[in-house]
Amino acid sequence: EKVEITKEQRALIKAILAAYDRHQIPQDVTKKLLQEQYSAEENFLLLTEVATSQVQVLVEFTKNIPGFLSLDREDQIALLKGSAVEAMFLRSAQVLSKKMPSGHTEVLEERIRKSGMSEEFMTPMFNFYKSIGELHMTQEEQALLTTITILTPDRPYVKSHEAVERLQETMLNVLRKLCVLQHPQEPQYFARLGRLTELRTLHHYHAEMLTSWKTNDHKFTPLLCEIWDVQ
Ligand SMILES: CC(C)c1onc(-c2c(Cl)cccc2Cl)c1COc1ccc2c(ccn2Cc2cccc(C(=O)O)c2)c1
């Protein structure tokens with residue numbers, strides 16, 4: 001039967017896309033990525049600055065997700081803490097896979113490769129970036145996928161599981177219709193997006209990345225320590 005996006009769903013897409021487009025990392029941070037010299041130390045510091053800025057952007061974006069602010073306040077924090085890494089993997093993948101104007105992509109990739117991260121995390125991370133790139137997601141799909149990742153009910157310490165599940169279900173219904181309408185030649189497209197559960201394993205790798213950086217006496221910003229429970 002014909003797939004129809006309702007008026008409410010269109011309004012939802014518009015609100016989420018506007019929030020997604022509005023919240024970008026400030027130019028002065030991304031400009032540094034091109035200017036500073038290369039050393040593992042400098043790369044780590046720059047990536048820490050980008051990650052901190054990305055968390056701030058993520059918090060602002062999340063506040064604009066329709067319905068998020070009506071969730072229990074502690075659950076809002078639990079959802080942000082539980083999804084930050086995955087949302088940042090999605091965002092970094094979207095940025096690295098789209099050919100950014102001023103050759104940012106190569107520079108970013110180079111700085112990630114040379115930031116003191118061990119090889120064992122590099123491979124899964126860049127495979128993930130490659131698989132995201134191959135999906136050629138539209139802006140709406142990227143914004144909705146990030147929203148759905150944030151609204152994952154089974155994060156640690158979430159109390160009103162059903163309230164979050166209802167909100168996530170609403171977004172999944174919209175994404176499902178969008179995929180059918182925007183990728184008519186590929187009926188399996190929505191299922192492929194769902195298979196991004198690799199995100200969960202990357203979350204696991206990331207915890208180990210943090211530990212290995214920490215043992216090499218790398219410092220994180222207060223915001224990153226708070227959102228990632230780093231001492
Ligand atoms: C603390 C730091 C060393 C770190 O720890 N884990 C990761 C980490 C890593 Cl190394 C990979 C994936 C996720 C995380 Cl948290 C990182 C680096 O984090 C990021 C965060 C965001 C990133 C990047 C790279 C790109 N982006 C997105 C981006 C870049 C430039 C502009 C914009 C924009 O929206 O305008 C967005 C790195």
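**The pockets and the ligand**

Author: In this predicted model, α10 provides seven residues to the lining of the second largest pocket, the largest share of that lining. Both α4 and α10 contribute at least two residues there. The volume of this second largest pocket is about 440 Å³. Its lining comprises 21 residues, and those nearest its centre are Lys81, His203, Ile227, Trp228 and Asp229. By class, the lining consists of ten nonpolar, five polar and six charged residues.

The largest pocket holds about 790 Å³ of space. It is lined by 37 residues, with Ile25, Val50, Gln54, Ser92 and Leu108 closest to its centre. Two or more lining residues come from each of α2 (27-35), α3, α4, α5 (104-113), α6 (119-135) and α10. The lining has 24 nonpolar, eleven polar and two charged residues.

The ligand takes up the space of this largest pocket. Its shell draws two or more residues from each of α3 (40-63), α4 (73-97) and α10 (198-215), and α3 gives the most, with six. Altogether 22 residues surround the ligand, the closest being Gln24, Gln54, Arg91, His206 and Trp213. Of the shell residues, 15 are nonpolar, six polar and one charged.

Gln24 places one 3.2 Å from a ligand oxygen, while an N or O atom in the side chain of Arg91 is 2.8 Å from an oxygen atom of the ligand. A polar side-chain atom of His206 lies 2.8 Å from a ligand nitrogen. Of the 740 Å² that the ligand exposes when taken alone, the protein buries 98%.

Conventions. Residues numbered from 1 in each chain as written. Predicted model: local features only at pLDDT ≥ 70, side-chain atom pairs only at ≥ 80, totals over all residues. Heavy atoms only, no water. Near = heavy atom within 4 Å. Polar contact = N/O pair within 3.5 Å; in protein donor to acceptor, adjacent residues only side chain to side chain. Areas by Shrake-Rupley, 256 points an atom, 1.4 Å probe, with all protein chains shown as cover. 1 Å grid on protein atoms, 1.4 Å probe; cavity = no way out; pocket = protein on both sides within 12 Å on 5 of 7 lines; lining within 4 Å. Sits in = over half its atoms within 2 Å of the grid points. Helix = DSSP H or I, 4+ residues; strand = E, 2+ residues; numbered from the N terminus. Nonpolar A, V, L, I, M, F, W, Y, C, P; charged D, E, K, R; others polar. Points joined across faces, edges and corners; volume = space filled by probe spheres on them.
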